[in-house]
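Take a look at the sequence and the model below. This briefing goes through selected sites, topic by topic.

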Amino acid sequence: MAVQTSTKPNVYEDEDDEPLVFKRCSTKSKPNQLNAEAKKIPAQRQVGQPGKQVSEHRSSNGLNSSVQKGKMVPSTKSPPVKSPLASPKASTSSAGASAVSNSKASTSSRASPVPKSPPSTTLDGHSKRLSEQNKSTTIKKEINSIEHPAQGNSDSEDEKPIGARLGKVKPSEDSDDDKPLSSRIAPKSKVGTSGSHPYDSKERKPVVSKVQKNGSSTTDKGKAPSVVSSKRPLDKANPSENSSAKRLKVSDSSTSVKNKPVAAKQEPKEEDDDDDFIPISQRSKKVASDSKSSLTKQTVTKVGSFSIKKTIKKSQKASKFTKYSKSTTKPPSSNDGQTKWTTLEHNGVIFPPPYKPHGIKMLYNGKPVTLTPEQEEVATMYAVMKDTDYVQKETFRKNFWADWHKLLGKNHVIQKLDACDFTPIYDWYQNEKEKKKQMSTEEKKALKEEKLKQEEKYMWARVDGNQEKVGNFRVEPPGLFRGRGEHPKSGKLKRRICPSDVTINIGKNAPIPECPIPGESWKEVRHDNTVTWLAFWNDPINPREFKYVFLAPSSNLKGLSDMQKYEKARRLKDHIGKIRASYTKDFTSKDVTKRQIAVATYLIDKLALRAGNEKDDDEADTVGCCTLKVENVKAIPPNSLEFNFLGKDSIRYENTVEVETPVYKAIIQFQSGKRGSDDLFDMLDTSRLNAHLKNVMDGLTAKVFRTYNASITLDDILNKKTKDGDLSEKLVVYQHANKEVAIICNHQRTVSKTHSAQMSKLTEKIDDLQGIVKDLKIDLDRAKKGKPPLKDADGKQKKNLTPEALERKIAQTNAKIEKMELDMRTKEDLKTVALGTSKINYLDPRITVAWCKRHEVPIEKIFNKSLLAKFSWAMPVEPDFRF
DNA sequence: AGGGTGACTTGGACTCAGTATT
DNA sequence: AATACTGAGTCCAAGTCACCCT
């Protein structure tokens, strides 16, 4: 353990030249990939080995074909598939409609939980809630309490972002276990530099030289790593253990609102240890104590308890943030771990309208064929996908045909898919789409209102007295399964879900939602307050799995859970030094399992890899850390590893990274004697790995590292790079930080179809402007000499301007050019990077809110309406909050 | 211990409406 | 007015992980 006190100087100099290693590297086009995959071009190119190596590697090591093919991403142009069959205009007698009418009758009288006019925006909601005054305070307190604890943290290296950790120190220098990871990782020389990115090139990633000394293995399990830095001043209680609490089952399910959310409960703990400077409260408690005690203690405390310290004094800047906080609502009910709510009311789910046949005949061997509505419905599902990549795939076609053929019957005229011509249906569909597009604004508006009217009652639930938005209250319409990548079930018919498939979960004393389809009834009604779902049905594609209906992200329940997630990640900060020291020591353990756990943990920590659960044969062949195959990692002397595999959603992960020598050697050992398709970590699976992690920190699992590294990277970059300047400069810093995180997490997106066109258009414009500047300069010269300006392109005489006016014009045009060039660089830079995912799932919103408060950046510049609603719990954070 | 299940989070593509540009 | 572009919102697939059961 060692948790080292961090003395180390932080090296995050901008000038540091070392390239960051961990970035996703891009490889140029790979021959094997499907075009879809090729669409994604990793933004960061590593200099150096790139593409060819990869391809070579692949061929040489025999990646299996599925891997080689890469992910198959649905074509961007695919037309909407889902609704053709149930077009809005379809029958008026749709389920929805009937439901509505029914509902009206039934719900209105019984005080349905649904508000007449639900707050449409956060603000509205907020104001509404304001009226409920008292409650608000509670939550506020809760929130305060939560925030506080954290504040003050340390800066030891351990807490630094991965990026920061990679650094200058060479591996060789630190062979010792006791050194902090960061110090141990050496930067790879060429790899990783992303010269192409303007920002990077100048800024460099945070490289930290962590020189810290951490070491020691003090074992302390009990102790928390030291880490603290003097920087974070505040000490507040550290709310950490929430998660553990959650799991506890408390017998008293009845607890109501009073119990605090776990997170909140934290008492000012006894935290830890090592850090001498850090206020106790901030530190996390030692592991040992944590784990055990946590269970017991948690239950009781309330959130409110902490709150005390801070009064709600928010700074003025802060004040604007309050409007987004839902402080007025009551805190979620108990958190005894098991109980998620005390009272729950909602109106169930809404079903898609029944299929309305169009009667368009498709052709078989050139002749029109008559289909029953059922057959036609499925044919239409396929027809409308005509120009997507899906129908190009053998698996998709095969699965579709199997299911459709069943529906047609053995003796149907149609005997093979290849002789089918769905064009008439496709054309009809395009036509319908066009018609819809041509509708007048009023018609569209009317339709929208009609739909809203039908759905309104399903949009809201009442949970413990609070009005909450429901997330996905619409039952999924039938369609063809669009699995990602090489999914074996892609193309299968996803049948229509009926009320008799749906199980409803609702409060015991709440009215049971009326079944929207007359004559049918719910499969089951439960009253389970240990779960948060409102309804579920079995996934038709995978009957052993479920599709759930949950509350929206803006709900208290989700917010609490979100906050707990970040609190857990923050807790990791206090253990990370010890964890790194421990796995470093185990790189050379005699025990293979231990060694594998160590190396896997290292990869998860350093590269933000996902855990990697085992997958069945009927799923796409993707991997995560524990399921890496030998062929997914190539050792490149002297100590680099080249990763190439399909991860979640069949998104390719490609990265070459320099690792510590013991890791490099261990990987080679794990690979020796195995075939390419064998598991790299044969002694490991996620449950074993997580069991190990749990021993180190209560509640720790592999995914916490992702959250931790993402959030701490944001916090770190924002704090180091933000300079005084205008708003747009600050926003650029934020975007840059966001981008770094997205790269670490490998959040990619498909390059827009129009990207290159957009770029050339911009280039053209810039050229034009440059031409104008040139002319202006000539005119300026002439003006200075008292000559009139030259004629313009059309031969017309230009206005006679003074030299000053011309100079102003030149300056303006140059500024315009500069701005366009910046836009262009940004666009190019982000063309394959998805920023949203990390913002939504990995970045502690309190970091952003606090930064906005400190730098007077309007929070709306960073969070859109839904994020503001989702993160309302984070709004009251103090400006000095640090992750 | 290990497999299976259930619940919940994470994630990229799509759709659509509003805005900017031509 | 037509078209292009953007971003928010939606959709639903695909992960993670805890817990139960054998």
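Predicted model: local features only at pLDDT ≥ 70, side-chain atom pairs only at ≥ 80, totals over all residues.

Asn 365 sits in the loop between β2 (362-364) and β3 (367-369).

**Backbone features in loops**

- Asn 365 is not a glycine, yet its phi is positive, near 50°.
- Asp 464 also is a residue other than glycine with a positive phi, about 50°.
- The loop that holds Asp 464 runs between β5 (460-463) and β6 (466-469).
- Is Asp 464 buried or exposed? Asp 464 is buried, because it has 22 C-beta neighbours inside 10 Å and the cut-off for buried is 20 or more.
- Pro 637 and Pro 638 are joined by a cis peptide bond, with omega about 5°.
- Pro 638 belongs to the loop between β13 (633-636) and β14 (640-646).

**Two packed helices**

- Two packed helices are described by an angle and a distance, both taken between their axes.
- Helix α15 (residues 373-383) packs against helix α17 (residues 423-438) at an angle of about 75°, and their axes are 9 Å apart.
- That angle makes the two helices, α15 and α17, roughly perpendicular.
- On the α15 side, the contact is made by Ala 379, Thr 380 and Ala 383. On the α17 side, Ile 425, Tyr 426 and Tyr 429 take part.
- Sorted by class, this contact of α15 with α17 has 5 nonpolar residues, 1 polar residue and no charged residues.

**A stretch annotated in UniProt**

- An unreviewed UniProt entry places a "coiled-coil region" at residues 429-457.
- In the model, residues 429-457 are 86% helix and 0% strand.

**Nonpolar cores**

- How many residues does the largest nonpolar core have? The largest nonpolar core has 111 residues.
- Val 470, Val 599, Ala 600 and Val 741 have the most contacts inside this core.
- Helix α24 (residues 702-721) gives the most to the core, with 9 residues.
- Leaving aside neighbours within four places in sequence, Ala 600 is in contact with Cys 625, Cys 626, Phe 681, Leu 684 and Leu 689.
- A second, separate core has 21 residues, including Met 385, Phe 422, Ile 425 and Leu 480.

**Ala 569**

- Ala 569 is part of helix α19 (residues 556-573).
- Ala 569 counts as buried, because it has 24 C-beta neighbours inside 10 Å.
- Which residues does Ala 569 contact, leaving aside its neighbours within four places in sequence? They are Val 704, Thr 707, Tyr 708 and Ser 711.
- Ala 569 and Pro 488 are 81 residues apart in sequence. In space, their C-alpha atoms are 36 Å apart.

**Tyr 842**

- UniProt lists Tyr 842 under "active site", in an unreviewed entry.
- Where is Tyr 842? Tyr 842 lies in the loop between α28 (836-841) and α29 (845-855).
- Tyr 842 is buried, because 25 other C-beta atoms lie within 10 Å.
- Not counting residues up to four places away in sequence, Tyr 842 touches Arg 706, Thr 707, Ala 710, Ser 711, Val 741 and Cys 745.
- Thr 707 and Ser 711 are among the contacts of Ala 569, and Tyr 842 touches Thr 707 and Ser 711 too.

Technical notes: Residues numbered from 1 in each chain as written. Chains lettered and ligands numbered in written order. Helix = DSSP H or I, 4+ residues; strand = E, 2+ residues; numbered from the N terminus. Buried ≥ 20, exposed ≤ 12 C-beta atoms within 10 Å, placed from the backbone. Axes fitted to C-alpha atoms, helices over the stretch in contact; angles between N-to-C directions. Parallel < 35°, antiparallel > 145°, perpendicular 65-115°, else oblique. Contact = placed C-beta atoms within 7 Å. Nonpolar A, V, L, I, M, F, W, Y, C, P; charged D, E, K, R; others polar. UniProt positions renumbered as here; feature names shortened; annotations may be inferred. Core = buried A, V, L, I, M, F, W, Y, C linked by C-beta atoms within 7 Å.
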